[in-house]
Amino acid sequence: MKSFLSLMLGLALVTPLTHVANADEAADRGLAIATDRKQRDAGWNNSESAVTMTLRNAQGEESVRKIRSKSLEVADDGDKGLTIFDEPRDVKGTAFLNFSHIGKPDDQWLYLPALKRVKRIASRNKSGPFMGSEFAYEDMSSFELDKYSFRYLGDETVAGHDCYKVEQTPLDKFSGYTRQVVWLDKDELRVHKIDFYDRKKSLLKTLTLTDHQLYKERYWRAHTATMVNHQTGKSTVLQTEDIRFDTGLTDDDFNQTTLQRAR
Amino acid sequence: MKNLWLVSVLKHPWKMLVVLLALIMLASAGAGNLYFRGDYKVFFDKHYQPLADFEEMQRIFNKNDNVSVLVVPDEGTVFNQKTLTLLAELTIEAWQTPYSSRVDSVTNFQHTWAEGDDMIVEDLVLDAEALTAEDIARVREVALNEPNLAGGLVAEDGSAAAVNITVQIPDSADNTPQVAEVISSVNALTDRLAQAYPGYSFYHTGVVPMNYAFATEGQKDMNTLVPAMLGLIVLMLAVLMRSLLAMLATVFVLVVTITVTMGTGGWLGYFLSTGTINVPIVVMTLAVADCVHLIASMQFAMREGKERKEALRFAIDLNLMPIFITSATTAIGFMTLMLSESPVLADFGELSAIGVMIAFAFSVTLLPVLLAILPIKVKAAPEHDGSMERLGRWVVKRHKILLPVSSVIMIALGSLITLNEINDEATKYFAPGTHFRDSVDALEEHISGTQTIDWAIYSGTSQGVNDPQFIATIDGFAKWLRLQPEVDHVTTLSDTFKRLNKNMHGDDETFYRTPMDRELAAQYLLLYEMSLPYGLDLNNQLNVDKSSTRLTSTLKNIGSRETVELEQRARAWFAENAPQYRMTGASPGLMFSHIGETNMDSMIISMIAALILISGLLVFALRSLHLGLISLIPNLGPALVGFGVWGVISGEINLGLSIVASMTLGIIVDDTVHFLAKYKRARDNGKDAEAAVKYAFSSVGRALMITTLVLVIGFSMLAFSAFRLNSDMGLATALIIFIALLVDFFFLPAFLLLLDKKEKAAVESPKPITTNTLTGESV
C-alpha cells in the first residue's frame, strides 16, 4: 500500500504543472493551495510506520486490523509502498507491494504465505474498501496534483483552525468519487477534514484527521484518521502508532523478492 | 337525563346545532396532524422478533432494500451487442439513483481469472460498444456458468437480465417520500432507455417498488373507488329512504362522523397507513346503519299518523338503546383488534372503535337536531301493508320449513370454512394489470420469483468465516437450499471462495472447491477485496470482523405458509448439520409470512373473546338470558357462513381479510339487536311470538334492508380495487353483511317462534314465563 502518510499529507516533488491554465480564479487559487500543500511536504524521502485500524458497523460490532508499511518517495511518479499485514492472524505475513502511478493503473503484487506465491493483481479498481474498512484504496494513496482538478471554495473554521476549503475532482474515471472537499489550515496546510461525494453526488463519507505531529521539523503527520460512512453508519478509525523517517529504505527494498521476504 | 336531552334536542334544535358545530370544528381540526406512512414496516411492531432479526441483519451487514430492473428483449437473448450496451448503460446510470449504494448486473460483474501468476479482476463487460462476436460468446459462457449471475441477474436461457440497485434509505418515521424519489428516478431512467432502445420491455421489482405499490395502490382507491362507493351510497339512501332531506341529513352526519373521527385520531397521534386509511369507510358503514334506523323509525311513526316531532321522539325512544348497544358491541369487536400482532391493524381497530362511538354520539344528537329542523314529510298510511309486512307474515307462516332449511344451509355452508387457508402472498396483493404485479410475473417467467430470504450465519469467532469447516457448512447449506423446490437462486460466499481457489491455481477446474486451509481462505479474501471497485465489495456478505456471512436466497412466488415452512426446514438443517453456528433468516417477505400466521391466531382468539363479551352484554341489555343466548347463533352464523362461501370462491385468507370478521361483527350484531329489541318490545307489550315477529318485520325490517343494501353495494365497489387487501375485504364484507340479513330475516324469526312455542307449552305447567319476570319498559 502506498504510503499511508501521504494520505495524511502527501508530498513529493512538484511535478511540472501540466494543468491547462484556468481563467477561473477559484481554480487557480485551489491549485495554488494544493501546490503549496504538495511542496511543503516534498522531500520526506522514506518512512516506516505501524497502523491500527478499528472497524465498526451500525450494530456496534468492532474489528481490528494491524499493518506496517514502508514508503518510498518517487520523483515524477506516484510513490512506492510495501505493506505487511499482522492482524487478523489469518492474514499474518501477507505482504502487498504497490507502485503508484499517475494516469495509469498502479502495479500491485500480493504475497500469499499460505500459497507461498506472489500474485500480481491486474485491476483498474482502486475505489473498493481496504480490508473491508471504510477507507478505499484510493483514499490511502499519495496525494498527487495530477490526480485532481482543484477549486477554492472559501474559508471556514474546522476544529478551531482557520482553514481553506478546497474542492478536488478526481480525474481518474475509475475513482469512486465525483468530488472531495478538503479543509486545510492556513498556517501549515495540514488537512483536517475531507468530505467524499459518491457517483450520484451525495455525501458518502467524512474523514477527520487529528493528532497532527511534526517530524523532521517540517513534515506534519496526523496520527488519527476517522472515516465515517454516512450512508451505512459504519466507521473506521486509523491510528498511526509509530512513524520513523529516513530508515535507510531504497528502491531495492521494493520488489517482488523483498515482498516474499517481508515479515 | 334522557328527557332533558330529548327536550333540548326537540325544543332548542338551533342552539344544539351551534354547540355541536363548534365541537365538530374543534375535533376535525386535528386532521391536520395526520400524516401518511406508506412503507411496509408499519405492519410490524418494532419489538416483533422477525423484524428484530431483519434489522439486526441490516445493521451487521448493509441494508439491502432494492429496486431490480428487469430488461426483456422482445426477441432473442440478452447476449448481443445492443442488449449488452443497453445493460451497461443502465448499470452505469443506475448509480445516479438516490440513496443507491450498489449496482449489480451482468455487465459490471467482477470477473476474475488467472494468467500465469497474474490475477485479473475486471468488469465482465468492460466496453460494450467494442465487443466482438468472440467477446460476446465469452460473456455468455461466463454469465451462464457463474452461480452468482445465472438464475439471479441473468435468465438461465438468456431471455432476460436484471440490474439490481441496492439503496440505503435513511431510517426515519416515514420513508414514503424517499421511496417515491427512488422510484421516480428509476422510472425516468428506464423511460429514457425505452425510448433509446426500442424492442425492450422494462419491469421493476424489489422491496422499494413493493413499498411504493403499497403506498400508491391503497391511495389510488381513495381517489377512485371510495368516492364511487360514497356516491353510490348517497344515491341508494335517497332512493330507499324515499326522501331527499333524510338523505341529506344522513350524508351530513356521515361526513361529520368521518371528519371528527379522523380529527380525533390526529389529536391522539395516529397516522394514516394502509390499515388506518380504511377507517373512514368502516365508520361510515356503521353511521349509515345508525342513521337509517332512526330515520326509518321516524318515517314508520309518521306513516302511522304521528306528527313530525312526536315521531322523532318516538324514534329516539325506540332506538336509543339498540343504537347504543350495537355501537358498544361493535366498538368491542374493533377493540379486539388491539390484540393483533400488527400495529396498523391495532391502530385500525382502535380508531374504528373511537369512530363507532362518535357515530353513535352524532346519530343521537346531530341527526335528531337535523330531523327536528328539516321539514321531512311522510304520507300517513296507518293501514300500511308494505313488502315487509308481507314478508313477516310469510315467514311466520312458513317457519316450520324455514327453520330446518335455513339451519341445514347454514351448517352446510359453514362447514366449508375448512376450505380456507391462511395465506399471505404480498406480491399477489396487487392485481394483474398493475405495474408491480406485471413486473413480478415477468420476473417469474424469465428469471426467478421476487421474494427473498436472507440467511445470516454467525460463526461466533472473529475471522470465523475463513474456517474451512464454516465454509463447508455454508457451502452445504447453499447446496441444500438449491435443492429445495421453493428456491430459485442462492448467492453465497462459498462460491466466491471456490472461484478464487480456482483462479489461484491457474484456473484449474479441479480446484473449483472450497479452500482447505484457514489462512489460504483469509488471504484469498484479502486479495479479492483489494481488487474490487466501489460499491461491489463483499461488505453486504461479510460483517466487519468476518465472523458472520449473509447468504441470499431468491424464492419462487410462494405463500406465507410455504415460506415459514422453508425457514423451519432451514433451521432444522442447521440444528442437525451445524448446531455450533447461530443462524437467522429474515426478509420483508418472511416477516409478512410470520405476521400473517401469528396475526390470524390472535384474531381467532380475540373474536371468540369478543363474541362472549358481546353476548354477555346483550343478555344484560335485552334483560333476557334467553334472548342473549339466542342471539349467539345469528351473531356467529353469518361470519361462519360467509367464510364458508369465501372458501369456495377464494379460499385464501390474507391480512386484509383478517379484519373482515371484526368489521362485520358490528353490522351483524346491529341487525340482530334491532330485530330482537323490537321483538321483545312487542312481547313485553303482551303480544304473542307470531305477532311480535310480524311487528319486528314491520318496524325494523325496512331499516335492516336499507342498511344492508346500501352497505353491500357500497362494499362491492371495493371489490374492483386493484389492491387485493381492499378488494378481498370489500367482497367478503359485502358477502357477510348480506348473509347476516338473510339469517335475521329467515332463520332468527323461525327460531324465535320455535323456542317461544315451546315456552308457551311450558306455561301450562306451574313454571312461570321467563319474560314475565323482566321489567318491561322499552329497550
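Me: Which residue is the bridge partner of Thr491(B) in strand 10 of chain B?

Reply: The partner there is Thr552(B). This is a predicted model, in which local features need pLDDT of at least 70 and side-chain atom pairs count only at pLDDT 80 or more, while totals for chains, interfaces and linings use all residues. Residues are numbered from 1 along each chain as its sequence is written, and chains are lettered from A and ligands numbered from 1 in the order in which they are written.

Me: How many bridges pair strand 9 with strand 10 of chain B?

Reply: Strand 9 and strand 10 (residues 548-555) of chain B are joined by four bridges in the antiparallel sense. Two strands pair if DSSP finds at least two bridges between them; strands (E, at least two residues) and helices (H or I, at least four) are DSSP runs, numbered from the N terminus.

Me: And what order do the strands take in that open sheet?

Reply: The order is 9-10-8-11 (chain B), an open sheet of four strands with antiparallel pairing. Strand 9 (487-491) and strand 11 (582-586) of chain B are at the edges and have a single partner strand each, so one side of each lacks a neighbour in the sheet. On average, neighbouring strands of this sheet are turned by 20° against each other, direction ignored.

Me: Which helix packs on the sheet?

Reply: Helix 19 (residues 560-577) of chain B does, touching strand 8 (452-458), strand 10 and strand 11 of chain B, where a contact means that C-beta atoms, placed from the backbone, lie within 7 Å. The direction of helix 19 makes about 170° with that of strand 11 of chain B; axes are lines fitted to C-alpha atoms, for helices over the stretch in contact, and angles run from 0 to 180 degrees between N-to-C directions.

Me: How is chain B divided into domains?

Reply: An automatic or database domain assignment gives domain 1 (1-33 + 242-378), domain 2 (64-198), domain 3 (389-444 + 603-763) and domain 4 (452-586) of chain B. The centres of domain 3 and domain 4 of chain B, taken over C-alpha atoms, are 53 Å apart, and their contact takes seven residues from domain 3 and four residues from domain 4.

Me: Where does UniProt place the "domain: SSD" feature?

Reply: The UniProt record, an unreviewed entry, puts it at residues 248-373 and 627-754 of chain B; UniProt positions are in the numbering used here, feature names are shortened, and annotations may be inferred rather than shown by experiment. Residues 248-373 of chain B are 83% helix and 0% strand, whereas residues 627-754 of chain B are 85% helix and 2% strand.

Me: How many helices and strands does chain B have?

Reply: Chain B has 24 helices and 12 strands, and its C-alpha trace spans about 105 × 55 × 45 Å along its principal axes.

Methods
Two residues are in contact if their C-beta atoms, placed from the backbone, lie within 7 Å.
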